[in-house]
Amino acid sequence: MHILVLSDIHGNLEALDAVLDAAPAVDETWVTGDIVGYGPEPDEVVERLRERGVVAVRGNHDAAAVGGDEIDYFNEDARRAMIWTRSVISDRTRAWLAALPERVVREGFTLAHGSPRDPIWEYVTTTPVARASFDAMDTDHGVIGHTHRPAAYLNDDGVMSLMTPAAGSVLRFGARRVLLNAGSVGQPRDGLSTAAWMTMDTDAGTATWQRTAYDIASVQAAMRRVALPEFLRARLSYGG
Ligand SMILES: [Zn+2]
């Protein structure tokens with residue numbers, strides 16, 4: 001099965017549409033959370049994903065958007081953006097976000113936003129944390145988001161390694177245990193401003209990471225119009 005994996009879209013419709021235009025035809029689209037928050041077009045992003053019939057899990061921003069106390073742990077800019085997001089999303093968007101599960105198992109993969117162990121909050125940034133995630137999964141493979149950085153954790157009979165994929169990187173994981181992060185569509189934080197995404201062929205056991213340029217100035221103008229915090233606008237320019 002051919003899969004498009006998207007993560008951390010964060011209400012950035014310009015970036016999402018650029019990625020959807022660039023992506024090949026696939027059988028399914030999987031979304032590993034943080035669909036809203038930070039960006040200026042949460043309703044439109046949710047509508048795109050709804051039309052596409054994606055398989056999605058809930059992120060900390062999605063949970064906060066529907067009233068969760070996750071917002072209490074946000075920094076000042078994230079909190080301001082979330083208060084705005086809560087005030088503008090439609091009932092239809094709210095209901096769709098509220099129905100997202102924290103974890104999904106599909107095609108031999110566990111989907112979670114943070115980690116399979118702690119789907120809403122845990123950041124998988126080191127191999128010891130990745131090891132705990134493998135221990136918490138019933139599947140050999142997993143896809144996660146939350147860090148906004150592309151990554152692949154490999155578990156070869158308990159020996160852990162980390163790969164940081166560049167655009168065009170292909171990983172042939174086959175039957176090996178892997179935990180894969182597509183990076184962020186709507187707010188990359190790996191020093192590149194282009195939208196990050198990933199495709200997989202689950203029969204062949206391959207994953208391919210990609211980057212797509214989009215009209216960042218247009219999103220920043222939309223953010224300014226609704227007075228979203230300056231830092232959130234600025235960081236899109238440098239991917240940090
Ligand atoms: Zn996020």
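This is a predicted model: local features need pLDDT of at least 70, side-chain atom pairs count only at pLDDT 80 or more; totals for chains, interfaces and linings use all residues.
Strand S6, covering residues 141-144, runs parallel to strand S10, covering residues 177-181, and the two are joined over 4 bridges. Both strands belong to an open sheet of 6 strands, whose order is S4-S5-S6-S10-S7-S8 and whose pairing is mixed. At the edges of this sheet sit strand S4 and strand S8, each of which pairs on one side only. On average, neighbouring strands in the sheet are turned by 15° against each other, with direction ignored.

Here are the strands with residue ranges to look for:

| Strand | Residues |
|---|---|
| S4 | residues 103-106 |
| S6 | residues 141-144 |
| S8 | residues 159-163 |
| S10 | residues 177-181 |

Now step back to the whole protein. Its secondary structure comprises 8 helices and 12 strands.

How much of the protein counts as buried? Of its 240 residues, 45% do. The C-alpha atoms fill a box of roughly 50 × 35 × 30 Å along the principal axes. For 240 residues, a compact globule would have a radius of gyration near 18 Å, and the protein's 16 Å agrees with that.

Finally, consider how the chain meets itself. Taking contacts between residues at least 6 apart in sequence, 71% join residues at least 24 apart.

Key
Residues are numbered from 1 along each chain as its sequence is written. Two strands pair if DSSP finds at least two bridges between them. Axes are lines fitted to C-alpha atoms, for helices over the stretch in contact, and angles run from 0 to 180 degrees between N-to-C directions. The radius of gyration is taken over C-alpha atoms; the globule rule is 2.2 Å times the number of residues to the power 0.38. A residue is buried if 20 or more other C-beta atoms lie within 10 Å of its own, exposed if 12 or fewer, and partly exposed in between; C-beta atoms are placed from the backbone. Two residues are in contact if their C-beta atoms, placed from the backbone, lie within 7 Å.
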